[in-house]
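Hi,

Here is the structure I promised to pass on to you. My notes follow below it, with the cut-offs spelled out where they come up.

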Amino acid sequence: MQTLTILGATGSIGCSTLDVVARHPDKYRVFALTGNSQLERLLSQAKTCSARYVVIADESRYADAQELANAMGVQSEILCGSQALEDVASAPEVDAVMAAIVGAAGLLPTLAAVKAGKRVLLANKEALVMSGALFIDAAKQSKASILPIDSEHNAIFQCLPRDFEYGNLEKSGISSILLTGSGGPFRERPLDSFSSITVEEACHHPNWSMGRKITVDSATMMNKGLEFIEACWLFGASARQIDVVLHPQSTIHSMVQYIDGSVIAQMGNPDMRTPIAYGLAFPERIEAGVSPLDFMKAGTFTFDTPCHERYPNLQLAIDACEEGQAATTRLNAANEVSVEAFLNKEIAFTDIARVNAHTLDQLEPINVSTLQQILEQDRLARETATTLIRGLR
Ligand code: NAD
Ligand code: MG
């Protein structure tokens, strides 16, 4: 029996995790669920899975949550605030933590789970992009196991040899990691119409159903850029060992190319319950509720090279990855601010990459290594991006 905390339970990944967990009551029990704003959903989830704790990130909602919990007959203890998020992620009773808060807000609770040596199911890629070396070093020290939940990284993890040595791709005979991406909804849209892309259009992914921020990131391919950085940290790969491949059907979730000419791919229907189930049960396999891939219906698989004019964010992220930690932290922060502004209809779709690029241009290159320095760069980049957006309005 594994005891779980699910950070970001009310989101797309959180709901899929609870779906998988509910299929295996003999294997998993829920210790804590956390959420930010959707109180009713969170409390009803807690009631269904008999969670011991519910954490509301936003402290100002505590009284509302308590009142609603009483009305709904929820038995869980209600906690609130950022310290409580870290506490339920690191509590001694907990074996595994699903890190599924979106964005930088997930960094501290995810790090708390890492430092406490938990099995960390990492969906919150932004946490790793922001803290890179610090995150990986903390995991090595505490012996936390990091299981990638991002479908691409989960696929790569499945395609690596079981005795893969972190950072030593050559020793395993690996020549490159092929990170696949669908190219999002605008892969074929004429470039001269990009500035009129609406929020509704950008929030509609052709293959995956996800939260709004990652859906917009998929449309700009910033998501693939963040995943590029994530892959470097997760597998100890250098930027030149990773290639991004467009694969619009999202059936191959990523591949590993070996020096003998073999390519190992992981495939399946685009459903996050597969990587979640793999992360939960590793090294075993459990049923996830995902329908089997029907090759007779899967049609044709196609591949292409991403066009950097169409996806300027992708190149920004690859360049930031080469530049180092301050750049990736700043890019992630600027992107969170610009995507939010786009979702609030304050800036155009094409302004997202513009704001991200200008934020990086305005800040001097520096070295960062401590958590405090990382948080300071995150703050500085948010401030810079916000000022740039004000100038655009
Ligand atoms: P979502 O927007 O659906 O859910 C986000 C969750 O985070 C919610 O539970 C929300 O309450 C919580 N949250 C938001 N702001 C918070 C704050 N300030 N403090 C505490 N909690 C807060 O997002 P999602 O699509 O489930 O994505 C979650 C993470 O997983 C992201 O990092 C995303 O990149 C990653 N991911 C998602 C998918 C997917 O299919 N959805 C796939 C791969 C990776
Ligand atoms: Mg992904």
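**Overall fold**

Taking contacts in the protein between residues at least 6 apart in sequence, 71% join residues at least 24 apart; two residues are in contact if their C-beta atoms, placed from the backbone, lie within 7 Å. Please keep in mind that this is a predicted model, in which local features need pLDDT of at least 70 and side-chain atom pairs count only at pLDDT 80 or more, while totals for chains, interfaces and linings use all residues. Residues are numbered from 1 along each chain as its sequence is written, and chains are lettered from A and ligands numbered from 1 in the order in which they are written.

The protein has 16 helices and eleven strands, which are DSSP runs numbered from the N terminus (helices: H or I, at least four residues; strands: E, at least two). Its C-alpha trace spans about 55 × 55 × 45 Å along the principal axes. Of the 393 residues, 48% count as buried, where buried stands for 20 or more other C-beta atoms within 10 Å of a residue's own, with C-beta atoms placed from the backbone.

**Domains**

The protein is divided into domain 1 (2–148), domain 2 (157–298) and domain 3 (324–392), with bounds from an automatic or database domain assignment. Between domain 1 and domain 3, the C-alpha centres lie 27 Å apart. Nine residues of domain 1 are in contact with nine residues of domain 3. On the domain 1 side, these are five nonpolar, three polar and one charged (Ala, Val, Leu, Ile, Met, Phe, Trp, Tyr, Cys and Pro count as nonpolar, Asp, Glu, Lys and Arg as charged, and the others, Gly among them, as polar).

**Around ligand 1**

Ligand 1 lies between domain 1 and domain 2, because both give residues to the shell around it. That shell holds 26 residues, the closest being Gly8, Gly11, Ala57, Met210 and Gly211; a residue is near if its C-beta atom, placed from the backbone, lies within 6 Å of the molecule. Helix 1 (12–22), helix 6 (125–142) and helix 9 (212–220) each give two or more residues, and helix 1 has the largest share, three residues. By class, the shell has twelve nonpolar, ten polar and four charged residues.

**Annotated residues and a covered helix**

The unreviewed UniProt entry lists Lys125, Ser151, Glu152, Ser182, His205, Ser218, Asn223, Lys224 and Glu227 for "binding site". UniProt positions are in the numbering used here, feature names are shortened, and annotations may be inferred rather than shown by experiment. Asn223 is found in helix 10 (residues 222–235), and Glu227 has its place in helix 10 too. Asn223 counts as buried because 28 C-beta neighbours lie inside 10 Å; Glu227 is buried, with 28 other C-beta atoms within 10 Å. Leaving aside neighbours within four places in sequence, Asn223 is in contact with Ile214, Asp217 and Ser218, while Glu227 touches Lys125, Asp150, Glu152 and Leu179.

Helix 11 (residues 273–281) is mostly covered, with eight of its nine residues buried. Its buried residues pack against helix 1, strand 2 (28–35), strand 6 (119–122), strand 7 (145–148) and helix 7 (151–159).

Best wishes

Notes: A residue is buried if 20 or more other C-beta atoms lie within 10 Å of its own, exposed if 12 or fewer, and partly exposed in between; C-beta atoms are placed from the backbone.
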